Amino acid sequence: MPAYTEQPDGTFKTVCSLDCPDQCGLLVHKENGKIVKIAGDPDHPVTKGNICNKVRHMAERIYDEKRLTHPLKRIGPKGSRQFARISWEEALDTISSRWKALIAKHGPESILPYSFYGNMGNINAEGMDRRFFYRMGSSQLERTICTAAGGAGFKYTVGGSIGADPEDTVHTKLFILWGINAVSTNMHQITLAQQARKQGAKIVVIDVHKNQTGRLADWFIPILPGTDTALALGLMHILFAEHRVDEEFLQQHTIGHEELREHVKQYDPATVAGITGVPVDDLYKLAYMYHETTPALIRIGNGLQHHDNGGMNTRAITCLSVLTGQWLVQGGGAIRSNSAYLAHNAQALQRPDLLEKRNTRSFNMNQLGRALNDTEPPVHSLYIYSSNPAVVAPRAGQVRQGLEREDLFTVVHDLFLTETASYADIILPATSAFENLDFYTSYWHHYMQIGEPVIEAYGESKSNTEVFRLLATVMGYEEQALHDSDEQLIRQALDHPANEGLNTIDYDALVEHKFIKAYRPTIYPERLATPSGKVELYSETLLHMGLPPLPTYIPLREQDEDGYIFIPGPTHNFLNSTFSNNAKHTGMEKIPKLFIHTEDAEREGIADGDWVNISNENGSCELLATVGEMVLPGVVVSQGLWADSSDHKPKHLVNALTSDRLSDMGGGATFFSSRVRLKRKPSEETTEQWEQTASL
Ligand SMILES: Nc1nc2c(c(=O)[nH]1)N[C@H]1C(S)=C(S)[C@@H](COP(=O)(O)OP(=O)(O)OC[C@H]3O[C@@H](n4cnc5c(=O)[nH]c(N)nc54)[C@H](O)[C@@H]3O)O[C@H]1N2
Ligand SMILES: Nc1nc2c(c(=O)[nH]1)N[C@H]1C(S)=C(S)[C@@H](COP(=O)(O)OP(=O)(O)OC[C@H]3O[C@@H](n4cnc5c(=O)[nH]c(N)nc54)[C@H](O)[C@@H]3O)O[C@H]1N2
Ligand code: SF4
Ligand SMILES: [Mo]
């Protein structure tokens, strides 16, 4: 392996580690041992040298003076941000002695790991950590915050995370971007769609917010939140009623089409228009356009699955996507997640066998607050890495209340002293992905990539895998699996004959080529991974789970009837909460806004540019009103998971208001199903100057 770290100058190929479908190829420019520029790799077949603004400016984050350089221990009250420098030796000794005592007194399940994909590298995100906590027998974490509901709805329908190859979408003639803000969250799908547009393709966007993606569409269709299942059923009603379905495809590749044909009769256009807010004429127009255009692709986003009925929304749209046989057409069908093509050997990487049949308890990460506040026997220690739950978790106020518990021993491993880290007893400094070895599997395009360390570790920071090897040593875990090197971990993960997609991919080939495409013999698989091997329009599995076997519209759970449905989504210049503490990025993002319809603003006495207090039974926050027609009446939308303000108060914490109810399938988060009340802030405060929040 060429040791990039030893070459002070030059350009080096690597990959973006952020939780983003595009997984861009990068070219990192170094001078005197430091990164001076991050650009796109023009050789990458999908991302072709273009990257987003966030990562173009990422060097500022890598060398940010606020980056953690050494371990810290807490010397003041939790949350007060008073810490003192300690050595790694002291940090590891403190952690192991506290954990050994907890395990002796309360058992290993008193310890809970909490993590997500701050770094998408597989061995760091879900490799050595899994081995370590399986070996320990700690409580397990269900990592459900992102795509759990949609993943489940899709899986019950087509068997797994498979879909169209994005590279084929240059040929697509109709793009339906459904519940995805692709301009911000999947920019290369937009590049491909724009290319296709030059050949006459049309872009339709179905969303609750006319954001940057809606504004770019040929046709923007506003919809009421959580009613996508009804819209899909209404379109299916028209397609069946007017014989615009592909009967041969239905016969050969699906089960339940006769039941579905009967079932959708009740979702007539007038009924569906009443539920969704999409006019009857538009329902016909969209159904005809979808039937008459080929290839037609539905890009299913994450927005519509962060709801009470999120699994069903995804399932209903997936059912729609097969009715016209478009899955057999190159550039047609659907894309939700394509991660199955690059599936590695998770058993070999994660080693669940180390749990040795111990039946440990597990916690849904969407209910971290409950896990910390209302659990018997209690969780006595949390180990948090690659995630910032004090900002990103649902019902974040309750999460913070749990993190304040004096008797909770909390360790946080991160690059920064995040809001979460401010509650830690011990903070460990993490390397950035530019300092690590790892392999990366996109969940959108079909390329596996390798990232080799480009620069030396910053200060005394260490990677996740390295920290878990050290923790294994101090805990006295001698199994070889806990001491394998990063290269060994990658080799073990890629040895996976069960996935023919990896036929041509191994460690050495990755080092040589940097990116390799999954092998895929046909665009439509011979047999799907559903119980029947076919698309399950009718699902026995769901029936056994007590859910409707056919796609069925179930409204959002009713709460405060007078409240507005609040959609606190991600934003363009942050990656979840990552970058929300970087001055460059907050500068580009400017201000935390609340989009509100003119009629609603008038009723509430709110003017454009007013600060608004938003509240419900879970908490409150403040956002700046942007009044207009970007959302439907009854709906308010914010963008961005903002950092605490400069006085370290959670002023713009949108997750103070989100619920920890779980979605209908997969135990997913319901970030977008809460209702809120609005109150304009008193006039003297509305002129308050906006101060940048990049204070942490
Ligand atoms: N710039 C940027 N890129 C990102 C991220 C980021 O924070 N910033 N986050 C990354 C991550 S982890 C993820 S999971 C993805 C998420 O990216 P996306 O898949 O785009 O998901 P969201 O942005 O959560 O929501 C997408 C859209 O759904 C809309 N929406 C909300 N509720 C509904 C509904 O009921 N029906 C319909 N039709 N639309 C609805 C929202 O208004 C939003 O425009 O992006 C990744 N990429
Ligand atoms: N209101 C609302 N809330 C949401 C969402 C929403 O749309 N609306 N989206 C949800 C979704 S889809 C997701 S995926 C989650 C994401 O939530 P998180 O997974 O918490 O993502 P980030 O906020 O990006 O935080 C990642 C953290 O990992 C750290 N990190 C990066 N690399 C490494 C590493 O190699 N090692 C260690 N130890 N740390 C590292 C970063 O510095 C950062 O602090 O947020 C969810 N929360
Ligand atoms: S965040 Fe997404 S678009 Fe930006 S460089 Fe990374 S993979 Fe590419
Ligand atoms: Mo996500």
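Helices (H or I, at least four residues) and strands (E, at least two residues) are DSSP runs, numbered from the N terminus. By that rule the chain has 26 helices and 27 strands, and Arg81 is found in the loop between strand E4 (72–74) and strand E5 (83–85).

This is a predicted model, in which local features need pLDDT of at least 70, side-chain atom pairs count only at pLDDT 80 or more, and totals for chains, interfaces and linings use all residues. Residues are numbered from 1 along each chain as its sequence is written, chains are lettered from A and ligands numbered from 1 in the order in which they are written, and side-chain values use heavy atoms, with hydrogens and water left out.

**Overall form**

The C-alpha trace of the chain spans about 70 × 65 × 50 Å along its principal axes. The radius of gyration is taken over C-alpha atoms, and the globule rule is 2.2 Å times the number of residues to the power 0.38. For 696 residues a compact globule would have a value near 26 Å, and the chain agrees with this at 25 Å. Buried means under 20% relative accessible area, exposed over 50%, and partly exposed in between (1.4 Å probe, protein chains only). Of the 696 residues of the chain, 63% count as buried.

**Ligand 1**

A residue is near a molecule or strand if one of its heavy atoms lies within 4 Å of it. There are 31 residues around ligand 1, and Thr185, Asp207, Asp228, Phe574 and Asn576 come nearest. In the class scheme, Ala, Val, Leu, Ile, Met, Phe, Trp, Tyr, Cys and Pro count as nonpolar, Asp, Glu, Lys and Arg as charged, and the others, Gly among them, as polar. On this basis the shell around ligand 1 has 13 nonpolar, 14 polar and four charged residues.

A polar contact is a pair of N or O atoms within 3.5 Å; within protein, one must be able to donate a hydrogen and the other to accept it, and residues adjacent in sequence count only if both atoms are side-chain atoms.

| Ligand and its atom | Residue and its part | Distance |
|---|---|---|
| Ligand 1, oxygen | Thr185, side chain | 2.8 Å |
| Ligand 1, oxygen | His307, side chain | 2.8 Å |
| Ligand 1, nitrogen | Phe574, backbone | 2.7 Å |
| Ligand 2, nitrogen | Ser386, backbone | 3.3 Å |
| Ligand 2, oxygen | Ser387, side chain | 2.8 Å |
| Ligand 2, oxygen | Ser577, side chain | 2.5 Å |

Accessible areas come from the Shrake-Rupley method with a 1.4 Å probe; for residues, only the protein chains shown count as cover. Ligand 1 has 900 Å² of accessible area on its own, and the protein covers 96% of that. Helix H7 (182–185) and strand E9 (202–207) are the elements that give two or more residues to its shell. Domain bounds come from an automatic or database domain assignment. Domain 2 (149–338 + 531–544) and domain 3 (564–694) each supply at least three residues of the shell around ligand 1.

**Ligand 2**

Around ligand 2 there are 32 residues, of which Ser387, Asp414, Pro568, Ser577 and Thr578 come nearest. Its shell divides into 15 nonpolar, 14 polar and three charged residues. Ligand 2 lies between domain 1 (72–146 + 348–436 + 458–502) and domain 3 (564–694), because both give residues to its shell.

**Ligand 3**

The residues around ligand 3 include Cys16, Cys20, Cys24 and Cys52, as well as Met187. By class, this shell has eight nonpolar, one polar and two charged residues.

**Helix H5**

Helix H5 (residues 128–136) is largely enclosed by the rest of the structure, because eight of its nine residues are buried. Among the buried residues are Asp129, Arg130 and Arg131. Gly137 follows H5 and has a positive phi, near 80°.

**Backbone features in loops**

Two peptide bonds to proline are described here. Thr294 and Pro295 are joined by a cis peptide bond with omega of about -5°, and Pro295 lies in the loop between helix H14 (280–292) and strand E12 (296–300). The bond from Glu376 to Pro377 is also cis, with omega near -10°; Pro377 lies in the loop between helix H17 (368–373) and strand E15 (381–385).

Arg81 is not a glycine, yet its phi is positive, about 65°. Lys514, also a residue other than glycine, has a positive phi near 75°. Lys514 is in the loop between helix H22 (507–513) and strand E20 (515–517) and is buried, with a relative accessible area of 12%.
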